[in-house]
Amino acid sequence: MSRPSFGFIFFVGICFVWASSVDGASTRARSAPVTVNPNAKCGLPNTMTGKLVVDWAKKDGKQYEYDVVDVPGLPTDPQEVNTMNTESLLGYVCLPGSSVPVANLIREYSFWELAQDGTKECVGHFVQSFAGRDGQQNMTVFDSSDATTSRQLVYYQIFDEPSTLGIRYSCKKPNLQTGVCDTPKVIVDIRKQPDQLSAAEKASLDAKINAILAPYCISTSTPDFEKSTFKPELGPCIPGPSATFNALLVKLAALPDGSTCSAVKQAHAARQKENGGRHQDPRA
Ligand SMILES: *[C@@H]1O[C@H](CO)[C@@H](O)[C@H](O)[C@H]1NC(C)=O
């Protein structure tokens, strides 16, 4: 086979996302830059990593969904009410083929689904994710109503103030021409239960969210941005995780610990060298 032309290489570069989703083997093309059209509509990029450094351990605990930009076209009935999630960091693991440890987390969602006829159903999503310090979370999601199947989702952290506010999104429909996501789903997590916020607290929270999202031309005043509804009178909704989710957790427990990753070992060796070899590890 003759040497590939420049045009061909450029084409491969443009198509790298598509190609990697087809065969997962285009790792060399992956590093090629994607040209973003400067005239593209303002919005969230298809992917966003490294915008901030996320310390996943600080995000442990209960969070409430305050706002959500949902994917247009989804049915609005039944209504989702009292959406909250609890995140737990299980530890850091070393994934096969990777040299950097990633956080292994679970996040359990619960909400009431209210139908127009007044009936309610307690629903849960059980999420396992591998999360990087670059803010990318690769999720496997199980629903409480479906014991066997799971789906994969990727979320990117836009903003992170672990004790108060977190903003993240998933790109449901990337646009490879513009680099700007056609259909993002944005979720705003807060620590305080939304129905307990005063009007002044809500106003200052909205102003803060709007300032963070302004560069992406997203505002809490657009109709797409929906405030979550909290009705404490509905009582607790505690869905049980599926057996498949529990089985996945057992499998994950067998992954090598993050301290075995080569990047951790190299950093350790470099620190020892800096110490002038005074405290040499006898195992080295
Ligand atoms: C998430 O998946 C992408 C694509 O496979 C990979 O490059 C990235 O390292 C993964 N991130 C983590 C934290 O596992």
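The following legends describe close-up views of a predicted model.

Residues are numbered from 1 along each chain as its sequence is written.

**View 1. Overall composition and confidence of the protein.**
The secondary structure comes to five helices and nine strands; helices (H or I, at least four residues) and strands (E, at least two) are DSSP runs, numbered from the N terminus. Of the 284 residues, 24% are buried, a residue being buried if 20 or more other C-beta atoms lie within 10 Å of its own, exposed if 12 or fewer, and partly exposed in between, with C-beta atoms placed from the backbone. The mean pLDDT is 81, and 80% of the residues reach 70 or more. Over residues 1-37, pLDDT stays under 50, and the model has 23 contacts beyond four places in sequence for this segment; two residues are in contact if their C-beta atoms, placed from the backbone, lie within 7 Å. Where pLDDT is low, the predicted coordinates should not be read in detail.

**View 2**
Strands S1 (residues 61-69) and S2 (residues 79-93) pair in the antiparallel sense over four bridges; two strands pair if DSSP finds at least two bridges between them. Lys-62 has Thr-86 in S2 as its bridge partner. Antiparallel pairing also joins S2 to S3 (residues 102-114), over 12 bridges, and here Met-84 stands opposite Ser-110 in S3.

Gly-124 lies in S4 (residues 120-131) and counts as buried because it has 21 C-beta neighbours inside 10 Å. Leaving aside residues up to four places away in sequence, Gly-124 touches Glu-108, Tyr-109, Ser-110, Ser-144 and Pro-239. Gly-240 is 116 residues from Gly-124 in sequence, yet the two are 7.5 Å apart in space, C-alpha to C-alpha.

**View 2. The shell around the ligand.**
Leu-95, Val-102, Phe-130, Ala-131, Gly-132, Gln-136 and Asn-138 surround the ligand, each counted as near if its C-beta atom, placed from the backbone, lies within 6 Å of it. S4 and strand S5 (136-143) are the elements that give two or more residues to this shell. By class, the shell has four nonpolar, three polar and no charged residues; Ala, Val, Leu, Ile, Met, Phe, Trp, Tyr, Cys and Pro count as nonpolar, Asp, Glu, Lys and Arg as charged, and the others, Gly among them, as polar.

**View 3. The largest nonpolar core.**
A nonpolar core is a set of buried Ala, Val, Leu, Ile, Met, Phe, Trp, Tyr and Cys residues joined through C-beta atoms within 7 Å. In the largest one, of 21 residues, Tyr-169, Val-186 and Val-188 touch the most other members. Strand S8 (183-190) is among the elements that give two or more residues to this core, and its four residues form the largest share. A second, separate core of 10 residues includes Trp-56, Cys-94, Ala-103 and Leu-105.

Most residues other than glycine have a negative phi. Asn-82, in strand S2, has a positive phi of about 60° although it is not a glycine; Asn-82 is buried, with 24 other C-beta atoms within 10 Å. Cys-217 likewise has a positive phi of about 60° and is placed in the loop between H3 and strand S9 (225-227). Cys-217 is exposed, with 12 other C-beta atoms within 10 Å.

Key. Predicted model: local features only at pLDDT ≥ 70, side-chain atom pairs only at ≥ 80, totals over all residues. pLDDT = per-residue confidence, 0-100.
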